[in-house]
Every structure is written in structure tokens, then in C-alpha cells.
Amino acid sequence: MLVKKLYAYTFLGEFILLYPVYALLFTDTGLSVAEISSLFVIWSVTGMVLEVPSGAWADAVSRRLLLCLGPLLAGAGFALWTLVPSYWAFAVGFVLWGAEGALVSGAFEALSYEELERLGQEDRYATVMGRAESVGLVAVAAAMGLALPVFGVGGYVAVGAASVLACVLCAATALTLPEHRTSGAAATEMSYFAVLRAGITEARSDRKVLNALLLLSFVSAIWGALEEYIPLLGAETGLSKTAIQLVIFVVWIGATAGGLLAGAAQRMPARGYALTIGAAAAAMAAGALSGHPAGFALIAVAFGAFQMTGVVADARLQKRIKGPARATVTSVAGLGENLVTLAVYTAYAAASAGLTHGATFALLTAPYVLIALLVLRPDQ
């Protein structure tokens, strides 16, 4: 039942019908491009500022409590957007949504790992998390498919209400999750700041934990950021808007498949893991540089491999965490992902001024080659 509840929580958390139409809502409200961009900055900064503090809160108090509170905050933000659409309502909503992401990040992984560990099934963690990632992608695809019909019937109020309902159901599902503190039980007897210090100390001073944390941050963030530019790459290739949507779907299939393969991939030796990352980098660069629609099949394969290796990196991090602040350490990894994502966005903007989108994709794939070489080091 634990695993099914984790999947249900993931699905409901991503089944937000506002996802495909909120940019249109902003435009229809009269926001400028600069104002919309500022909202995305508010969203990102909120998540980064709260990421590690919320992880320590999950360790010191309750992971389940944060998993319940997070969707309620996001739901409140979506309700605000729907009922009183304006710049300041959108800004507050993004603060609430950013807080939701920070509260859930770290707490979800920590609760999942320790509950599986309590059942003697911690070796299933990569399988469960990989499938959860795939369930989340399916939920987003389902929300995109339903958003337009629902919008056609009831407009922004209808998609907003459906999004709030999904958040409430997600919070209710969180309350059904078990929480028996095992290796992290000592955290409940420590003060908040003691937990925060313990988590940061373990992340910084334990070489194996730090290496796993950095690996997870880079492997997951680079392709995740580049995914946002797939439509631009498709347009450069000469695809129509309809074909671009199809390409996005194909890429999502690749990422979904990668999540499903994570359980088997966790048994790969270091050499196989490194070769997988290197081969995926080569496939993505070749696909981006091909200038042909068929190249997106290579990109889909690459995204699947990166999704798979990212889940495996998360599983290796969880196995190496021994202290009482598991959610805190995992949140540090989440902060690392956010920082790398921002770096990729910045680098893409700078590089694309003088390069094609295909060349920019290939250039920003290059760090994966270095990552693959570093994975082969004995201390990994």
C-alpha cells in the first residue's frame, strides 16, 4: 500500500490543469513579458531560499506534515490566480507554489526511503522513485490533454477549480502515508537548528555523500533545463507547431521509459553507469546537431538515460546518508539542482546569441562527458 500511495501522491501533485494555460492567463490579464519573467524569478528564488530550511523542518518535525502542507499552499495560490487575477495575486501564488516545491523536496524522498527501509525493501527505492517520476510525467501529459476541453467548457475558473481539487486530494493522500522514524528518528529529539547543522555538516564533510549529492545535482539539472528549449530547437528544425507538440510528446516518452528502467539500472557497475551517461551525451548532441526531425528520437533516448541515471544517483545518495537529517541532506541536493538549472539557463541565453539552438544544445551537453569521467574515480 505504501508504494501505491506514493504513486497517487505524485500523480495528484502533477495533475494540475493550470499548467498548460497559466501563461495564457497571465497574457489575458494584461501582463507584459517583463512582468511574466519577474514572476518566474520570484518562483525560482522562493524555492531556493526555502529548500534547505524546509528540509530541516521535515527532519525536526514531520515529513508527512510537510507533504500535506505543501499541496495546500499550492492550491491556495491557484485559487488566488483564478479568483483575483492580477500581477500581485500571481506573485503571491508563485511564492506559495515555490514554497510547496521546497516543502515536498527532500521530505518525499526521505519518507519514501525510510519507510521502505523499515520494511526491509530499501533496495526497491530506485525502482519506486523511477516509477514515481514516470507517474508524474503521465500526470502532466494527462493534465495537458484535459486542460483545453475543460477550459472550453468553464474557462479559467474550471481549470483553476480542478487544479485546487487535485491539490486538496494530494494533501489528503499525504495524511494516509505512514511515518515511522528509523535511521532519522534521532532528529525528532533535536532542535531545528541542530538538525539543520547536522544535515549541512554531513553534506559537506562526508566525501561520499558530497560526491553523490553533486552527481545528482548535475545529472538531473542539465537535461531538465534543456528540456525547456525543445520547442525552440523544433522550430529551428522547421517543424510546425503541431509537429513540435508531437516531438515534445516523444521526448516525454523517452523520459518516462528512463524512469521505469531505473530499478534495473541501479545494479550497473561504475563503468557501465559512466558509459551510459557518456553515450546519452553523445546521442543528445548528435540529435540536436542533426537538423532533422529524426534527431529528436536520439534526444528522447538521451533524456531517458539521464532520467534513469538521475534516479540511480538519488538512490546512491540515500544509501550513503547515515545521520538523522536525511531530508535536509536531500534538500541540499535539491538546492544544487536549482543552482545548476539557473546556470544552464544563463549559459543558454549567452551561447544562443551567437550559436544555433542545435549547437547550443550540443555545447551544454559537454559537461556530461566530464561527469562520466569523474564517476570512474575510485572514491566515487
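1. Ground rules. Residues are numbered from 1 along each chain as its sequence is written, and side-chain values use heavy atoms, with hydrogens and water left out. As this is a predicted model, local features need pLDDT of at least 70 and side-chain atom pairs count only at pLDDT 80 or more, while totals for chains, interfaces and linings use all residues.

2. Helices α1 and α6. Start with helix α1 (residues 2-14) and helix α6 (residues 107-118), which pack at about 170 degrees with their axes 11 Å apart. Helices here are DSSP runs (H or I, at least four residues), numbered from the N terminus. Axes are lines fitted to C-alpha atoms over the stretch in contact, and angles run from 0 to 180 degrees between N-to-C directions. That makes the two helices roughly antiparallel, the word used for angles over 145 degrees.

3. Who touches whom there. From α1 come L2, V3, L6, Y9 and T10, and they meet F108, L111, S112, E115 and L116 of α6; contact means heavy atoms within 4.5 Å. Sorted by type, the residues of this contact are seven nonpolar, two polar and one charged. For that sorting, Ala, Val, Leu, Ile, Met, Phe, Trp, Tyr, Cys and Pro count as nonpolar, Asp, Glu, Lys and Arg as charged, and the others, Gly among them, as polar.

4. Helices α3 and α4. The axes of α3 (residues 33-60) and α4 (residues 63-83) come within 7 Å and cross at roughly 130 degrees. On the α3 side you'll find S54, W57, A58 and D59, and on the α4 side R63, L66 and L69. This contact has four nonpolar residues, one polar and two charged.

5. Cysteines. How many disulfides are there? The count is zero, taking a disulfide as a pair of cysteine sulfur atoms within 2.5 Å. For C68 the nearest cysteine sulfur belongs to C170, 8.9 Å away. For C170 the nearest is that of C167, at 7.0 Å. C68 is buried at 12% relative accessible area, and C170 is buried too, at 2%. Buried means under 20%, exposed over 50%, and partly exposed in between (1.4 Å probe, protein chains only).

6. Aromatic rings. There are 29 aromatic pairs in the model. Rings of Phe, Tyr and Trp (its six-membered ring) pair if their centres lie within 6.5 Å; planes under 30 degrees apart are stacked, over 60 edge-to-face, and the rest tilted. One of the pairs is F40 with W43, tilted at 45 degrees with centres 6.5 Å apart. Being three residues apart in helix α3, F40 and W43 are separated by about one helical turn. F40 is partly exposed at 33%, and W43 is partly exposed at 26%. Y87 and W88 instead make an edge-to-face pair, with centres 5.2 Å apart and planes at 85 degrees. W88 is exposed, at 65%.

7. A ring cluster. Which residues do ring pairs link to F40 and W43? The cluster also takes in Y19, Y22, F26, F78, W81, F90, F94 and W97.

8. A270. Last stop: A270 sits in helix α13 (residues 270-289) and is partly exposed at 37%. Setting aside neighbours within four places in sequence, A270 touches V375 and L376.

Key
Parallel < 35°, antiparallel > 145°, perpendicular 65-115°, else oblique.
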